[in-house]
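These notes are meant for a colleague who is opening this structure for the first time. Please keep the model in view while reading the points.

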Amino acid sequence: MDPVVRRRLGRTDVEVTQLGFGGAGLGDLFDVVEDDDASATLRAAWGAGVRYYDTSPWYGRGQSEHRFGRALYRRPRADYVLSTKVGRVFRACHDAENFDHGFWRGGLKFQHRFDYSYDGVMRSFEDSLQRLGLPRIDLLLIHDLDIGYHATEAKVTAYLTELHNGGFRALEELKQSGLIRGIGAGINETGMMPRFLDLMEIDFFLVAMPYTLLDTDVLDSEFSRCAARGVGFVVGAPFASGVLATGAVSGARYRYADAPAEILAKVKRIEAVCARHEVPLAAAALQFPLGHPSVAAVIPGALLPEHVERNVTAFRHAIPAEFWAELKQEGLLRADAPVP
């Protein structure tokens with residue numbers, strides 16, 4: 001599979017390289033990444049022909065956006081596609097000595113609040129332009145509006161209402177004025193896509209966990225409903241946050257936590273099929289989502305240049321049809337799952 005082939009994304013006129021670059025890791029997600037390594041990694045991605053880059057203010061509390069901006073601001077702006085996100089507004093922490101990084105291993109010392117209002121979305125957009133040092137952003141996504149981040153259904157409903165009554169109007173104005181070219185939403189959980197579709201005109205979804213070689217429940221109804229409306233997908237965690245890259249090893253991560261025993265057991269069985277067909281596990285994980293006609297790109301992250309090189313090599317690896325057939329025969333992949 002050719003990583004630099006472009007696919008049109010959903011209801012937009014944007015074409016993205018089918019292998020992109022996800023920016024959470026360069027926000028110091030699991031490890032603190034040195035600035036020189038981050039720069040070298042992004043240079044390696046550019047050198048490999050990757051032209052779709054996704055980041056967020058949340059990734060390292062601004063760290064990832066700063067790094068992407070420094071890597072891209074001298075590049076010809078028409079040559080690449082950039083997406084970032086809204087839903088949080090940041091302010092300085094004046095007690096830096098006692099700052100709690102929380103979810104991030106490193107990153108910057110800024111506090112945040114969730115804000116899906118009209119003013120909050122506009123403020124987030126302008127702040128992102130400043131951090132990136134760029135004149136425009138191609139794709140803007142609603143970020144982390146789900147139970148996982150907000151804990152209760154009441155909060156999710158309140159924020160959806162705030163978005164519907166204000167923040168989405170800001171996104172529409174940005175798109176109508178040409179300041180962005182597409183509106184998306186980042187999805188971590190099944191069940192959220194229909195709620196967005198019921199309330200607003202979404203162009204695409206960035207699916208962070210629900211569609212991987214290990215998880216395909218969204219095929220039951222959500223993907224088909226989106227496809228019927230022309231809504232496209234970017235798959236943001238093709239390695240399921242780690243285990244589909246490392247394999248079933250000690251410390252493997254799944255859904256941002258230690259992989260449970262049943263997932264490790266399933267991955268071991270997938271690895272056995274991989275071995276019989278001489279297919280690297282990472283190659284299967286990267287290429288599988290692109291079998292769905294509405295998926296425009298997968299965007300694995302990387303912390304070092306060699307990670308980029310490995311991803312590109314895995315993406316180019318030829319996978320025989322017999323491999324996918326055996327996964328289905330073994331019950332490791334549902335029979336109706338589209339494959340490359």
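The numbered points below cover the basis of the model, its sheet, its salt bridges, its surface patches and some backbone details.

1. The model is predicted, so local features need pLDDT of at least 70 and side-chain atom pairs count only at pLDDT 80 or more, whereas totals for chains, interfaces and linings use all residues. Residues are numbered from 1 along each chain as its sequence is written, and side-chain values use heavy atoms, with hydrogens and water left out.

2. I would begin with the sheet. Eight strands form an open sheet with parallel pairing, in the order β3-β4-β5-β8-β9-β10-β11-β14; its edge strands, β3 (21-22) and β14 (295-298), each pair on one side only. Strands here are DSSP runs of E with at least two residues, helices are runs of H or I with at least four, and both are numbered from the N terminus. Two strands pair if DSSP finds at least two bridges between them.

3. How many residues of strand β5 are buried? Six of the six residues of β5 (residues 81-86) are buried, so this strand is largely enclosed by the rest of the structure; buried means under 20% relative accessible area, exposed over 50%, and partly exposed in between, with a 1.4 Å probe and protein chains only. V81, S83 and K85 point one way from β5, while L82, T84 and V86 point the other way, and all are buried.

4. Two of the strand pairings can be followed residue by residue. Strand β4 (residues 52-54) pairs with β5 in the parallel sense over three bridges, and the bridge partner of Y52 in β5 is V81. Strand β9 (residues 182-187) is joined to strand β10 (residues 204-207) by four bridges, again in a parallel arrangement, with F204 in β10 as the bridge partner of G184.

5. The structure holds 23 salt bridges, each being a side-chain nitrogen of Lys or Arg within 4 Å of a carboxyl oxygen of Asp or Glu. E201 forms one with R11, and their closest N and O atoms are 2.7 Å apart. This pair links distant parts of the chain, 190 residues apart, with E201 in the loop between α6 (193-199) and β10 and R11 in the loop between β1 (6-8) and β2 (15-17). E201 is partly exposed at 41% relative accessibility, and R11 is partly exposed at 33%. Both also belong to a salt-bridge network that links R11, K175, E201, D203 and R229.

6. A second salt bridge joins D138 to R181, with the closest N and O atoms 3.5 Å apart. D138 lies in the loop between α3 (118-132) and β8 (139-142) and R181 in the loop between α5 (153-176) and β9, so the pair ties together parts that are 43 residues apart in sequence. Is D138 buried or exposed? D138 counts as buried, at 0% relative accessibility, whereas R181 is partly exposed, at 32%.

7. The side chains of R195 and E153 also meet in a salt bridge, at 2.7 Å from N to O; R195 is in helix α6 and E153 in helix α5, 42 residues apart. R195 is partly exposed at 25% relative accessibility, as is E153 at 40%.

8. On the surface, E34, D36, D37, E306 and E309 gather in a patch of negative charge, to which α1 (35-47) and α11 (305-316) each supply at least two residues. Patches are made of residues with over 30% relative accessible area and no salt bridge, like charges being joined within 9 Å and nonpolar side chains (Val, Leu, Ile, Met, Phe, Trp, Tyr) within 5 Å. D36, in helix α1, is exposed with a relative accessible area of 65%.

9. A nonpolar surface patch is formed by F103, Y149 and Y256, with about 280 Å² of accessible area together. F103 sits in the loop between β6 (88-92) and β7 (110-114) and is partly exposed, at 42% relative accessibility.

10. Finally, two backbone angles deserve a look. Most residues other than glycine have a negative phi. S241, in the loop between β11 (232-235) and α8 (243-246), has a positive phi near 75° and is buried at 14% relative accessibility. E278, in the loop between α9 (261-277) and α10 (281-287), has a positive phi near 55° and is exposed at 65%.

Note on methods
Accessible areas come from the Shrake-Rupley method with a 1.4 Å probe; for residues, only the protein chains shown count as cover. Lys and Arg count as positive and Asp and Glu as negative; His and the chain ends are not counted. The place of a charge is taken as NZ of Lys, CZ of Arg, CG of Asp or CD of Glu.
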